[in-house]
Amino acid sequence: MAVTGAVMLLYLLVHMLGNLKIFYGRESFDEYAHWLRSIGVPALHGAWFLWLMRAVLTVAVVLHATSAYQLSRRDLKARPQKYSHRQRLEASYAVNTMRYGGIIIALFIIYHLLDFTALTLNRNGVEGAAYDNVVSSFSVWWVTLFYIIAMLALGLHIHHGFWSAARTLGVHSAAREKNLKIGATVLAVLIAAGFMVVPIAVLAGLVD
Amino acid sequence: MNLTLRIWRQRGPEDRGAMVTYELADVSPDMSFLEMLDVLNERLILEGEDPVAFDHDCREGICGMCGMVINGQAHGPRDRTTTCQLHMREFADGDVIDVEPWRAAAFPVMRDLVVDRSGFDRIIGSGGYISVVTGSAPEAHSTPVPKPIADAAFDNATCIGCGACVAACPNGSAMLFTSAKVTHLNLLPQGAPERESRVRDMVAQMDEEGFGGCTNTGECTVACPKGIPLTSIGNLNREYLRALTKR
Ligand code: HEM
Ligand code: SF4
Ligand code: FES
């Protein structure tokens with residue numbers, strides 16, 4: 001869970017920063033989208049880098065989901081009976097939404113790929129016209145709303161996930177506890193907010 | 001004080017069990033929680049009913065026997081306090097108090113509030129020991145231990161094996177208990193010979209017993225009467241990774 005999570009986290013950070021290029025205008029963004037398809041040329045051929053990246057991400061997502069499923073099954077089995085008096089839970093909201101949040105994010109990724117990568121659900125749907133494709137989707141309020149909900153779920157997921165992964169990988173200690181918590185919060189806010197400004201800007205008419 | 005108690009009654013491992021309500025009058029605020037249950041049991045015996053079965057031994061917070069979940073909290077509402085050290089002044093006149101056994105698949109209920117915690121014994125048996133030369137006690141200064149290490153080992157050694165961490169964990173995980181034992185022994189020179197096999201075997205036994213996996217929710221450390229910190233779990237993971245990469 002921790003290793004695959006870290007891989008996806010790294011990707012998200014880069015992806016989020018890349019998306020912000022939309023504020024530099026249509027040309028800049030489309031050029032960037034095109035560049036993504038030609039990274040590594042001439043050492044690599046055509047979109048090889050992109051495909052390599054897709055392969056790594058797919059493996060990460062599949063392994064992450066599989067271990068989440070196995071872990072959840074094991075944990076539900078280990079605690080079959082609830083207390084009749086509600087437990088006072090100390091854990092934060094983020095901790096308690098890891099499972100549902102993960103499912104929301106997974107559904108989002110499917111929708112997102114159909115929207116911007118496969119373009120099947122995109123209203124503009126012109127290959128290579130990334131800028132117009134993004135604007136056409138986020139001009140619809142409910143797409144933006146779903147997007148924002150998914151990003152909030154993602155932020156919460158990262159908030160607990162980052163810190164939890166640090167403990168799983170044993171890099172966590174009493175001295176680092178505070179810094180890791182701050183790091184988790186900063187990362188979660190940065191990534192969620194960074195992704196959210198794009199659809200909000202589109203809906204507000206700042207990007208069109 | 002007058003109290004309404006709702007207590008889990010279960011005749012044996014196979015019985016389904018249910019919460020049963022008892023009214024208890026004239027409870028002194030200076031009684032411990034277990035003394036309050038003693039008073040209830042005396043009355044039940046006089047009335048010809050079965051007394052409520054619960055575990056206890058030292059009644060001074062050091063043996064770890066007296067676990068029960070009180071109003072949804074392992075060992076009741078007071079921080080860092082075992083049930084035997086909890087006093088009735090923590091409650092108010094007229095309170096309704098729910099008393100339940102530890103709930104975890106690896107801790108099956110034997111009767112009423114008594115659960116079978118022998119899974120913990122088997123985890124200890126798999127690696128929670130050190131190999132020593134038997135005979136006369138060694139000279140205390142023959143193995144110097146730096147103060148910070150001795151302190152950290154001692155903090156982890158205070159775990160009394162009560163099982164509150166498992167009871168509080170939504171995953172029924174025994175990570176806090178196991179991490180306290182591994183951290184305690186792996187920090188010390190006396191524990192060094194079995195450093196790798198200890199962590200590997202204890203984690204394997206923990207999984208074998210049917211305890212759940214840790215998701216770092218942190219309920220355990222809040223419930224722990226000895227304040228074993230979550231950082232011990234980080235240390236267990238570090239020791240485990242270290243043992244995996246070392247033959
Ligand atoms: C403002 C927010 C976002 C925008 C504007 C955005 C936009 C895009 C675009 C345009 C693509 C297609 C890139 C291409 O042309 O190949 C893409 C791909 C992708 N996005 Fe996002 N995205 C956003 C947020 C996210 C988030 C939060 C996630 C993860 C949960 C995510 C996961 C992916 C994945 C997995 C791909 C597929 C990569 C591939 O092509 O294999 N995106 N995104
Ligand atoms: S870690 Fe704390 S709660 Fe768990 S068994 Fe030890 S003393 Fe009890
Ligand atoms: S009876 Fe020994 S710790 Fe409570």
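**Aromatic pairs**

I started with the rings and found 12 aromatic pairs over all chains of this predicted model. One I looked up is Phe29(A) with Tyr32(A): the centres are 6.2 Å apart, the planes are at 40°, and the pair counts as tilted. Both sit in helix α2 of chain A, three residues apart, so about one helical turn separates them. I checked burial too: Phe29(A) and Tyr32(A) are both buried.

Next I went to chain B. Phe107(B) and Phe211(B) have ring centres 5.5 Å apart, and with the planes at 85° I noted the pair as edge-to-face, because over 60 degrees counts as that. These two are 104 residues apart in the chain. Phe107(B) is in the loop between β5 and β6, while Phe211(B) is in the loop between α6 and α7. Phe107(B) has a relative accessible area of 1%, so I wrote it down as buried. I got 1% for Phe211(B) as well, again buried.

**Charges over rings**

I found Lys181(A) over the face of Trp163(A), 4.3 Å from the ring centre. In chain B, the charged end of Arg103(B) sits over the ring of Trp8(B), at 4.2 Å from its centre.

**Around ligand 1**

I counted 17 residues around the ligand, and Tyr147(A) is one of those that come nearest. Which helix gives the most to the shell? I found that α5(A) does, with six residues. By type, I sorted the shell into 11 nonpolar, four polar and two charged residues.

Then I checked polar atoms. His15(A) has a polar side-chain atom 2.9 Å from a nitrogen atom of ligand 1, and for His112(A) I noted 2.7 Å, also to a nitrogen atom. Arg37(A) has a side-chain N or O atom 3.0 Å from an oxygen atom of the ligand.

Notes
Residues numbered from 1 in each chain as written. Chains lettered and ligands numbered in written order. Predicted model: local features only at pLDDT ≥ 70, side-chain atom pairs only at ≥ 80, totals over all residues. Heavy atoms only, no water. Near = heavy atom within 4 Å. Polar contact = N/O pair within 3.5 Å; in protein donor to acceptor, adjacent residues only side chain to side chain. Helix = DSSP H or I, 4+ residues; strand = E, 2+ residues; numbered from the N terminus. Nonpolar A, V, L, I, M, F, W, Y, C, P; charged D, E, K, R; others polar. Phe/Tyr/Trp six-rings, centres within 6.5 Å; stacked < 30°, edge-to-face > 60°. Buried < 20%, exposed > 50% of the residue type's maximum accessible area, 1.4 Å probe, protein only. Lys NZ or Arg CZ within 6 Å of the ring centre and 35° of its normal.
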